[in-house]
Amino acid sequence: MFDVDTCVCFITNKVSKKMADKMNERLMLVGSTRVQWLVMYDLLKDGQMSQSDLAKKMNIKDSTVVRLIDRIEKDEFIKRVKNSKDRRITYVTLTEKGKKRIEELLSVGEEMSKVFSKNISDEEFEVFNRVLKKMAENAENTEI
């Protein structure tokens with residue numbers, strides 16, 4: 001009989017949610033949230049991005065990313081720039097204030113990564129990554 005407690009889909013979702021919640025709790029202590037941190041991290045790593053590309057990267061709806069950007073822009077960590085050739089496209093970029101802020105917050109990501117991977121050997125972590133990549137490929141290649 002099917003058992004949710006042994007189903008990889010539900011196991012990974014449950015663990016992922018716990019880690020995301022803990023990351024969010026930790027970031028809230030320093031005045032941020034996990035999704036705000038992720039937007040600024042992605043912009044630091046990838047540079048200017050369209051709102052649409054950012055939504056795709058974060059796997060959220062365009063309307064959700066707009067509200068998220070509104071909140072971060074209010075704090076002057078990011079700014080919007082219209083595409084001069086196509087005004088339907090809006091780019092998002094980090095401000096200098098935003099670059100400083102995410103640089104300060106990177107240590108929280110590093111800290112939480114260490115907490116979550118405590119007592120896991122490098123070899124176990126490599127296997128874990130390979131298995132997750134295979135599962136992601138399986139999910140991508142599954143037709144329903």
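Predicted model: local features only at pLDDT ≥ 70, side-chain atom pairs only at ≥ 80, totals over all residues.
**Exercise 1. Find which residues of α2 are buried, and work through Gln36 as an example.**

*Solution.* 
Step 1. The cut-off for buried is under 20% relative accessible area.
Step 2. In α2, the buried residues are Gln36, Trp37, Val39, Met40, Asp42 and Leu43.
Step 3. Gln36 is a member of helix α2, and its relative accessibility is 14%, so Gln36 counts as buried.
Step 4. Now look for its partners: leaving aside residues up to four places away in sequence, Gln36 touches Leu68, Arg71 and Ile72.

**Exercise 2. Describe how α2 meets α3, and say what follows α2.**

*Solution.* 
Step 1. Start with the geometry: the axes of α2 (residues 34-46) and α3 (residues 51-58) come within 11 Å and cross at roughly 115°.
Step 2. Next comes the handedness, and α2 passes α3 in a right-handed crossing.
Step 3. On the α2 side, the contact is made by Val35, Leu38, Val39, Asp42 and Asp46, while α3 supplies Leu54, Lys57 and Met58.
Step 4. Sorted by class, this contact has five nonpolar, no polar and three charged residues.
Step 5. Moving past the end of the helix, α2 is followed by Gly47, which has a positive phi near 80°.

**Exercise 3. Work out the strand order of the open three-stranded sheet and how its strands pair.**

*Solution.* 
Step 1. The order is β1-β3-β2, with antiparallel pairing.
Step 2. β1 (49-50) and β2 are the edge strands, each with a single partner strand, so one side of each has no neighbour in the sheet.
Step 3. α4 packs on this sheet and touches β2 and β3, with its direction at about 120° to that of β2.
Step 4. Take the pairings in turn: β1 joins β3 (residues 90-94) over two antiparallel bridges, and here Met49 stands opposite Val92 in β3.
Step 5. β2 and β3 pair in the antiparallel sense over five bridges, with Lys79 opposite Thr93 in β3.
Step 6. Finally, four of the five residues of β3 are buried, so β3 is largely enclosed by the rest of the structure.

**Exercise 4. Glu76 has a positive phi without being glycine. Locate Glu76 and decide: is it buried or exposed?**

*Solution.* 
Step 1. Recall the background: most residues other than glycine have a negative phi.
Step 2. The phi of Glu76 is near 65°.
Step 3. Glu76 sits in the loop between α4 (62-74) and β2 (78-82).
Step 4. Its relative accessible area is 52%, and the cut-off is over 50%, so Glu76 is exposed.

**Exercise 5. Repeat the analysis for Asn119: where is it found, and is it buried or exposed?**

*Solution.* 
Step 1. Asn119, also a residue other than glycine, has a positive phi near 65°.
Step 2. Asn119 is in the loop between α5 (96-116) and α6 (122-140).
Step 3. With a relative accessible area of 73%, Asn119 is exposed.

Key. Residues numbered from 1 in each chain as written. Heavy atoms only, no water. Axes fitted to C-alpha atoms, helices over the stretch in contact; angles between N-to-C directions. Left-handed = near helix turned anticlockwise from the far one by under 90°. Contact = heavy atoms within 4.5 Å. Nonpolar A, V, L, I, M, F, W, Y, C, P; charged D, E, K, R; others polar. Buried < 20%, exposed > 50% of the residue type's maximum accessible area, 1.4 Å probe, protein only. Pairing = 2+ DSSP bridges.
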